[in-house]
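Biologist: I have a new model open and would like to learn to read it. Where do we begin?

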Amino acid sequence: MAPSVFVRSPAVSARPWQAYLLIGIGLAFLTAIVLLPLVVVFWEALREGLAAYWQGIQQPEALHAIRLTLLITAVAIPLNTLFGVAIAWVLVRQSFPGQAIVLALLDLPLSISPVVAGFMLILLYSPQIGWLADLVNRWDLKIVFATPGLVLTVMFVTIPFVAREVFPVLQTLSREDEEAAQSLGATTWQTFWRVTLPMIRPALLYGIILSTARAIGEFGAVSVVSGKIIGSTNTLTLHVERVYLEYQATAAFACASLLAIVALLTLVLQYWIQQQPSSAAKNRQH
């Protein structure tokens with residue numbers, strides 16, 4: 001039998017100039033699509049000086065939009081976090097008919113246009129044309145064109161993030177530690193709090209960060225449900241649109257820079273979480 005001969009495929013190794021060319025093309029593309037627009041936002045926001053920048057942020061309408069955005073986020077994200085962890089735990093630890101359907105429903109908000117999502121909520125809760133109009137009118141509920149409608153909208157568009165981040169981590173975790181804790185007398189809640197939660201904490205934080213960034217930056221769905229009522233239902237993104245259309249460029253870019261800062265903080269927190277050793281790795285070290 002003839003000896004086998006190892007032949008290097010020409011596609012395996014690239015010439016140095018080819019590698020540098022590909023890197024340069026990638027960096028140029030990222031600069032044009034991501035970095036340059038980000039720089040322009042801060043440049044335009046600060047072009048007329050810090051005084052004009054602060055004045056744009058401190059407008060009464062801007063402050064109300066910021067407070068409303070933070071309020072919506074503070075209500076929607078904790079609720080979605082609790083639901084996301086619970087549904088991920090149930091999907092992994094329990095077996096029941098229709099699990100595939102539940103997983104598909106979790107992904108549905110990611111595939112539906114935000115504008116369509118807003119119209120869906122109007123068709124449900126509008127006191128004039130909504131499917132639940134009788135209930136809304138009977139109890140005098142203010143949902144559409146009000147803060148509760150904005151909270152429901154943000155919950156809809158952010159509901160997949162925590163569940164989808166925690167679900168695969170729970171799938172990979174061994175149940176030995178949980179079973180050992182329960183054999184020592186720990187309750188289900190104690191087992192989750194002291195054993196399961198430390199193991200899923202990085203994924204949970206990652207999901208919360210993504211949900212928060214999406215909630216603060218949401219535009220399409222809230223623009224439909226809010227009615228864009230100035231001083232009442234205008235969120236920060238809607239305020240940016242309004243002042244820009246009114247040719248208040250500095251105020252628009254100043255408020256837009258706040259959204260850009262949130263995006264940058266999201267990247268920093270994501271990088272920090274990725275650098276943290278997992279609980280499983282810590283246990284192996286000990």
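Modeller: We go from the chain's elements to its overall shape and surface. Keep in mind that this model is predicted.

Biologist: Which elements does the protein chain have, helices or strands?

Modeller: Start by counting them. The protein chain has 13 helices and zero strands.

Biologist: Which residues does UniProt list as "transmembrane region"?

Modeller: Treat such a listing as a record. The unreviewed UniProt entry gives residues 20-46, 66-92, 104-125, 145-163 and 250-273. Now check spans against the model. Residues 20-46 are 100% helix and 0% strand. Their end C-alpha atoms are 35 Å apart. Residues 104-125 are 91% helix, again with 0% strand, and the end C-alpha atoms of that span lie 24 Å apart.

Biologist: How much of the protein chain is buried?

Modeller: Buried means under 20% relative accessible area. By that cut-off, 36% of the 286 residues are buried.

Biologist: And what of the surface?

Modeller: Ask about area, then atoms. The accessible surface of the protein chain is about 17,500 Å². Carbon and sulfur atoms hold 68% of that surface.

Biologist: How many positive and negative side chains are there?

Modeller: Count each set, then compare centres. The protein chain has 16 positive and 14 negative side chains. The centres of the two sets are 7 Å apart.

Terms used:
Residues numbered from 1 in each chain as written. Predicted model: local features only at pLDDT ≥ 70, side-chain atom pairs only at ≥ 80, totals over all residues. Heavy atoms only, no water. UniProt positions renumbered as here; feature names shortened; annotations may be inferred. Helix = DSSP H or I, 4+ residues; strand = E, 2+ residues; numbered from the N terminus. Buried < 20%, exposed > 50% of the residue type's maximum accessible area, 1.4 Å probe, protein only. Areas by Shrake-Rupley, 256 points an atom, 1.4 Å probe, with all protein chains shown as cover. Lys, Arg positive; Asp, Glu negative; His and termini not counted. Charge placed at Lys NZ, Arg CZ, Asp CG, Glu CD.
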